[in-house]
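Dear colleague,

I am handing over the structure below, and I would ask you to keep it open while you read my notes.

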Amino acid sequence: MNHALTNALHPAAVAAAANIDWTEKRYLIVDDFVGIRQLLRETLRNLGAKHFDQAASGGEAMTMLGKTHYDVVLCDFNLGDGKNGQQVLEECRIRNLLTPSSVFLMVSAEKSVESVMGAAEQQPDAYIIKPITEGVLLTRLNRVWQKKQIFRQIDQAFVEKDYLRAAKLCDEQIAVHKLHSIDLLRMKATLLLKAGEPDKARTVYEQVLDDREYNWARTGLAKIRMNNGDHEAARQMFQGVIAENRFYIDAYDQLATAYQLMGKLEESCDVLEKAAKLSPNSVVRQRRLGLAALKLSNIPLAERAFRKCIAIGEYSIMKTVDAYFGLARICGQKNDAKEALQVLAMAQREFTGELVQLRAKITEGLVYHESGDYRRARKTGDELEDMLNDDPERPDTPTCMELATLLFAVGVKDAPVELLCYVTRNNHDNMVLLDEVQGIFEKARMGEEGAELIKSARKEAADMMNKGVLLWKTGKLAEAVAWMRTAREALPNNMRILFNSAQILISYMQQHGYQRDLMDEANDVLMHVDHIAPGQQRFAQLIEQLALLMPRKDPPPMENVGVDEGGGE
Amino acid sequence: MEDQADDHEGAPELFLFLASTAHDMKNSISVLSGTLEGLLGGADDKDVNHPAYPQLAQMLYQTKRLNDNLIQLLALYKQVGKPEYPFDPRPQQISELVQQVASQAKVLLASKKITLQADFSQEMVWTFDEDLIIGMLTQAINNAVRYTHDTIRIVVAEKEGFLEIRVEDNGAGFPQAMIDAGVCAMSGNTAGVNFLTNSSGLGLYFASEVAKMHKYRQRNGSIHLENGGVLGGGAFVVRLP
């Protein structure tokens with residue numbers, strides 16, 4: 001077949017084939033180099049585009065993106081001072097400035113490492129290398145557009161957390177779109193993992209690897225092994241991926257987790273340090289490195305990581321208050337209480353919310369204590385103790401544990417014991433966390449007493465759970481539903497109680513039919529669990545069962561349901 | 001591997017400086033070639049007969065060579081072929097590959113009054129690193145501009161389980177020294193006399209590294225130069241598993 005290039009390869013012909021008109025779209029060009037902006041404007045004009053704006057910096061781009069909806073954003077990765085292209089993208093996605101049909105193209109001067117690092121949480125729709133010519137731009141735009149069509153329903157199901165339906169949609173698309181089969185398989189595996197089907201996800205990864213070695217698939221397999229508790233095998237696989245491709249940062253992050261689970265905190269911290277060297281501009285990674293180093297009392301490393309985290313966070317939507325609290329602790333340990341307090345003041349200026357105020361107060365107390373100002377530490381501790389007595393609400397688990405640590409340190413006893421028992425009841429089967437709780441007791445020279453307290457708190461939670469299971473098993477569903485409400489009130493953040501609550505509500509509706517209020521109750525419970533512990537296997541399974549109960553013409557098939565039993569002592 | 005990881009640690013500032021300078025140079029060359037393409041592409045019949053027109057075309061040709069060389073130097077500096085290089089093979093539509101390569105070369109070829117032919121199957125899909133292969137083929141076409149009479153032809157076909165891409169021309173063919181340089185580049189024999197003295201040496205070396213990175217089921221990609229083909233001139237041939 002011989003093609004006359006003038007026809008077959010003419011942009012218009014390609015555009016017609018893709019069935020989309022790019023001329024009426026609204027474009028934003030972001031580049032700090034005026035010559036490049038002019039060039040891109042010419043290129044777009046040659047493609048027939050009529051509406052385009054330009055920005056010379058990341059900040060300017062954000063202002064424009066906040067005011068106007070753009071269909072296509074052409075953004076250079078390297079934007080000089082201020083936000084870089086990746087940070088513009090992250091902020092757009094988090095602030096919902098891009099619609100699902102918008103196209104974000106990341107432009108770079110050379111083959112981009114970011115494109116294959118597997119590190120960036122927010123990926124652009126495509127990367128494109130300079131010099132940009134009309135043909136290449138049009139091909140990439142059409143390709144993104146086609147991919148968006150193929151993934152549209154899948155993405156929609158993903159957003160609705162209907163992962164199994166989304167995975168089925170992947171299969172349908174794989175059958176007809178050979179070109180996108182790898183992307184679809186990758187998505188399918190991710191969805192199966194989210195839906196709590198790791199065995200099926202493993203099959204997908206193995207199928208992909210059977211044809212060709214892909215870092216993401218090998219890493220995916222290793223993650224599944226890690227979640228199954230096979231930490232050593234996972235560690236070897238992650239290291240294998242890194243040996244193949246030193247830039248595949250995701251493997252480093254996972255390797256650090258594997259070491260952490262094996263209790264090898266120093267190795268874990270070393271890996272994070274290497275990853276942060278290769279890809280230093282991730283707020284999330286610097287935060288993790290800082291926290292790991294702080295735990296190991298590696299003061300210089302923790303300080304560097306927290307300072308870097310704050311610096312890159314300045315232009316990033318991902319910025320985190322954890323870095324400020326971490327840095328304050330470091331300053332305190334260096335006996336520089338003055339800077340610590342400045343950092344805490346900064347944290348309270350930059351971030352708002354009650355939890356931030358509370359954590360700032362706790363950190364302040366820890367800083368006083370660690371820098372030897374026991375009088376002020378005691379005063380802060382007393383204030384916090386009063387607050388706990390006045391308000392029965394308890395903060396999240398990590399805050400409870402820090403608060404208990406401080407209160408023990410300043411000599412309070414009852415309040416921290418109560419906090420740690422609360423933490424234990426709400427996490428009665430999380431052995432890693434309970435070991436940390438035990439550690440706090442030991443530091444307060446209450447090792448034996450602590451072990452007893454943990455034991456009885458665990459039993460309390462297990463008893464509550466078991467009573468619900470018994471009612472459910474003996475067919476007293478209405479009573480089971482009522483009991484689980486009581487249990488939830490007592491243990492508002494116990495994952496297994498929450499899951500069982502939802503399961504029993506579902507069982508009730510499966511026997512007595514759909515009820516709007518119970519449906520809402522089950523949904524609220526599940527959303528709460530997904531908030532405190534995102535991405536659990538049971539979450540997806542229960543959401544799936546809940547969806548089957550929605551009223552419709554044909555009756556839903558009865559599923560074999562099971563309530564998670566026992567646990568604890 | 002450990003040693004390479006620490007390569008830039010001795011002089012991180014120098015590395016950053018070099019990286020930002022390279023970024024700057026890429027921008028300047030992009031603007032230069034874009035402006036020239038704009039001028040040449042917008043020329044009417046009268047402009048084409050202006051004595052400056054062929055000189056402008058030659059400027060574009062040289063700018064493209066400069067760009068190719070800069071990309072190759074950067075890529076080699078970043079160690080193409082080593083685990084350090086961000087290699088990203090994906091299934092690609094051959095028609096899109098040809099379309100993108102043709103669009104990169106369009107203005108240059110038109111200004112040099114060279115016709116580009118393409119012979120490929122519309123539905124064909126193959127797995128490769130698109131940006132690297134586009135770079136290699138664009139450069140092969142820029143090279144063929146020097147050797148051809150008035151036609152360049154891209155042929156893509158499956159052959160013995162490999163994807164074979166040929167960039168052929170209707171010139172007098174490559175001199176034997178060039179063909180030998182291709183063999184040297186593939187064998188990694190950088191001591192070959194003609195390899196380092198030949199101005200195409202860097203390009204051939206780069207192309208052979210890119211081809212070799214493509215591996216599938218124990219088979220590697222390769223490149224070579226030959227004379228003959230449909231047009232009877234020189235041919236740059238890349239085979240990908």
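**Helices of chain A**

Among the elements that cover the buried residues of helix H22 of chain A are helix H20 (374-390), helix H21 (397-409), helix H23 (431-443), helix H24 (447-473) and helix H26 (495-512) of chain A. Please keep in mind that this is a predicted model.

H22(A) itself is mostly covered, with 11 of its 13 residues buried, and these include Pro416(A), Leu420(A), Tyr422(A) and Arg425(A). At 1.5 Å a residue, the 13 residues of H22(A), 414-426, should span 18 Å, which agrees with the 19 Å between its end C-alpha atoms.

H20(A) has 17 residues and reaches 24 Å from its first C-alpha to its last, close to the 24 Å expected. Its buried residues are Ala377(A), Thr380(A), Gly381(A), Leu384(A) and Leu388(A). Because they cover an arc of only 100 degrees around the axis, they lie on the same side of H20(A). They pack against helix H19 (354-370), H21 and H22 of chain A, whereas on the other side of H20(A) the residues Arg375(A), Lys379(A), Asn389(A) and Asp390(A) are exposed.

Elsewhere in my notes is a helix pair: H14(A), residues 265-278, and H15(A), residues 283-295, pack at an angle of about 150 degrees, with their axes 9 Å apart. Angles over 145 degrees count as roughly antiparallel, and H14(A) and H15(A) are therefore roughly antiparallel to each other. The crossing of H14(A) past H15(A) is left-handed. Where they meet, H14(A) contributes residues including Cys269(A) and Leu272(A), and H15(A) contributes residues including Arg285(A) and Leu289(A).

With best wishes

How values were computed: Residues are numbered from 1 along each chain as its sequence is written. Chains are lettered from A and ligands numbered from 1 in the order in which they are written. This is a predicted model: local features need pLDDT of at least 70, side-chain atom pairs count only at pLDDT 80 or more; totals for chains, interfaces and linings use all residues. Side-chain values use heavy atoms; hydrogens and water are left out. Helices (H or I, at least four residues) and strands (E, at least two) are DSSP runs, numbered from the N terminus. The expected span of a helix is 1.5 Å times one less than its number of residues. Buried means under 20% relative accessible area, exposed over 50%, partly exposed in between (1.4 Å probe, protein chains only). Contact means heavy atoms within 4.5 Å. The arc is that of the directions from the helix axis to the C-beta atoms. Axes are lines fitted to C-alpha atoms, for helices over the stretch in contact, and angles run from 0 to 180 degrees between N-to-C directions. Angles under 35 degrees count as roughly parallel, over 145 as roughly antiparallel, 65 to 115 as roughly perpendicular and the rest as oblique. A crossing is left-handed if the near helix is turned anticlockwise from the far one by less than a right angle, and right-handed if clockwise.
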